[in-house]
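Here is a friendly walk through one protein model, written for someone who likes to check coordinates alongside the text. Keep the viewer open as you read.

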Amino acid sequence: NIDIKDIKEVVISSVVTKLEKLEEDYCKMNNLPFFNIKNENVKLNFKKRQGLGSDLTANIFNAIDIYKQNIIVIDMGTATTFSVINEKGEAVGCSFIAGVKTTLEALSSKCDLLPEIDIEEPKSVMGNTTIEAMQSGLYFGYIGILKEIVQTIKNELNNQDMQVIMTGGYSKKFIDKLDFVTQYVPDLTTEGIYKIYKFNTK
C-alpha cells in the first residue's frame, strides 16, 4: 500500500473520459499535483494529430525515442492499433480494429449458441467442435488481419524494411506466428508515459 503522503505527483494517461475526470478531481481534492499527457500544451517528439489517444501518444513517443524512424507499432489490447512512423521520424497515421477479446465477446454476446472461450492456438484451422471452430477462426483470422495490414502499410509507404514493434497483452498469443515482427516490447506504453512526463519536466 502507498500512503497518499508519499505521492509527489500523479501522471494521468487514460482513454476513458469519465475515469480521466475522476482521476483529475481526486488529485485536486487531495492537493496532488498531476500531469495529464493529453493536455494540449504537452511537448512531444512528434507532431500530434487532434484526437490521438494517450496510449497511442505514448507508444509513438517511445517508439521514436528508441527506434527513430521506419516503424509500425502494433498494440494488441481492447483494440488492436497500428501506429506508423515514416522514414523522417514523423507519425503519419494509424489503423484500428477490434481487439481479440473484444471480438470474442461481441461474437458470444450476439450469438446465443456461441459460448465465451479462451484465446488459444488451435491444433487445426478446421475445428470439430463449436469451441474449436471459434478458436481457429479467431486465431488464424486475426493472424491474417495482422499480416495484411502490416503489408499494406509497407506497400503504401513503398518501404518493405520497416521495423515492426509489438506490445499489448494479447501480443504473446500471436507473435510466434508473425515472422515480420522485429521486437516485442511489453512495457512500450508505460515507458512512453513516463518518458513524456520526464520530457516535459526536465
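The report below goes from the overall layout to a helix pair and then to a few individual residues.

## Overall layout

Please bear in mind that this is a predicted model. The protein has 202 residues, and 41% of them count as buried. Its secondary structure comprises five helices and seven strands. Followed along the sequence, these elements give the pattern β-α-β-α-β-β-β-α-α-β-β-α.

For a sense of scale, the C-alpha trace spans about 60 × 45 × 30 Å along its principal axes. The accessible surface amounts to about 12,200 Å², and carbon and sulfur atoms account for 51% of that area. Turning to contacts between residues at least 6 apart in sequence, 50% of them join residues at least 24 apart.

## Helices α3 and α4

Two packed helices are described by the angle between their axes and the distance between the axes. Here, α3 (residues 100-110) and α4 (residues 130-156) pack at about 145 degrees, and their axes are 11 Å apart. The crossing of α3 past α4 is right-handed.

Which residues meet where these helices touch? From α3 come Val-100, Thr-103, Leu-104 and Leu-107, while α4 brings Met-134, Leu-138 and Tyr-142. By class, that contact has six nonpolar residues, one polar residue and no charged ones.

Ser-14 sits in the loop that runs between β1 (10-12) and α1 (17-29). Is this residue buried or exposed? Ser-14 counts as buried because its relative accessibility is 6%, and the cut-off for buried is under 20%.

The side chain of Ser-14 has a polar atom 3.1 Å from the backbone nitrogen of Val-16. Setting aside neighbours within four places in sequence, Ser-14 is in contact with Leu-19, Glu-20, Glu-23, Lys-38 and Ser-54.

Lys-43 belongs to the loop between β2 (34-36) and α2 (54-67). With a relative accessibility of 46%, Lys-43 counts as partly exposed. Beyond residues up to four places away in sequence, Lys-43 touches Phe-61, Ile-196, Phe-199 and Asn-200. Lys-43 and Tyr-197 are 154 residues apart in sequence, yet their C-alpha atoms are 9.2 Å apart in space.

A polar atom of the Asn-200 side chain lies 2.6 Å from the backbone nitrogen of Lys-43. The contacts of Asn-200, leaving aside neighbours within four places in sequence, are with Phe-35, Asn-41, Val-42 and Lys-43.

## Tyr-67 in helix α2

Tyr-67 is placed in helix α2. Why does Tyr-67 count as buried? The relative accessible area of Tyr-67 is 17%, so this residue is buried, given that the class takes in values under 20%.

Which residues does Tyr-67 contact, once neighbours within four places in sequence are left out? They are Gln-163, Ile-165, Gln-183 and Val-185. For one of these, Ile-165, the separation from Tyr-67 is 98 residues in sequence and 9.4 Å in space, C-alpha to C-alpha.

## Two asparagines with positive phi

Asn-70 has a phi near 55 degrees, a positive value in a residue other than glycine. Asn-158 also has a positive phi, of about 55 degrees, although it is not a glycine.

Their surroundings are worth a look too. Asn-70 is in the loop between α2 and β3 (71-76), and it is buried, with a relative accessible area of 19%. Asn-158 lies in the loop between α4 and β6 (163-167), and it is exposed, with a relative accessible area of 69%.

Met-162 is found in the loop between α4 and β6. This methionine is buried, as its relative accessible area is 5%.

How far is Met-162 from Asn-70, C-alpha to C-alpha? The two atoms are separated by 4.8 Å, although the residues are 92 apart along the chain. Apart from neighbours within four places in sequence, Met-162 is in contact with Asn-70, Ile-71, Ile-72, Val-84, Ile-85, Ile-153, Lys-154, Leu-157 and Thr-182.

How values were computed: Residues are numbered from 1 along each chain as its sequence is written. This is a predicted model: local features need pLDDT of at least 70, side-chain atom pairs count only at pLDDT 80 or more; totals for chains, interfaces and linings use all residues. Side-chain values use heavy atoms; hydrogens and water are left out. Helices (H or I, at least four residues) and strands (E, at least two) are DSSP runs, numbered from the N terminus. Buried means under 20% relative accessible area, exposed over 50%, partly exposed in between (1.4 Å probe, protein chains only). A polar contact is a pair of N or O atoms within 3.5 Å; within protein, one must be able to donate a hydrogen and the other to accept it, and residues adjacent in sequence count only if both atoms are side-chain atoms. Contact means heavy atoms within 4.5 Å. Axes are lines fitted to C-alpha atoms, for helices over the stretch in contact, and angles run from 0 to 180 degrees between N-to-C directions. A crossing is left-handed if the near helix is turned anticlockwise from the far one by less than a right angle, and right-handed if clockwise. Ala, Val, Leu, Ile, Met, Phe, Trp, Tyr, Cys and Pro count as nonpolar, Asp, Glu, Lys and Arg as charged, and the others, Gly among them, as polar. Accessible areas come from the Shrake-Rupley method with a 1.4 Å probe; for residues, only the protein chains shown count as cover.
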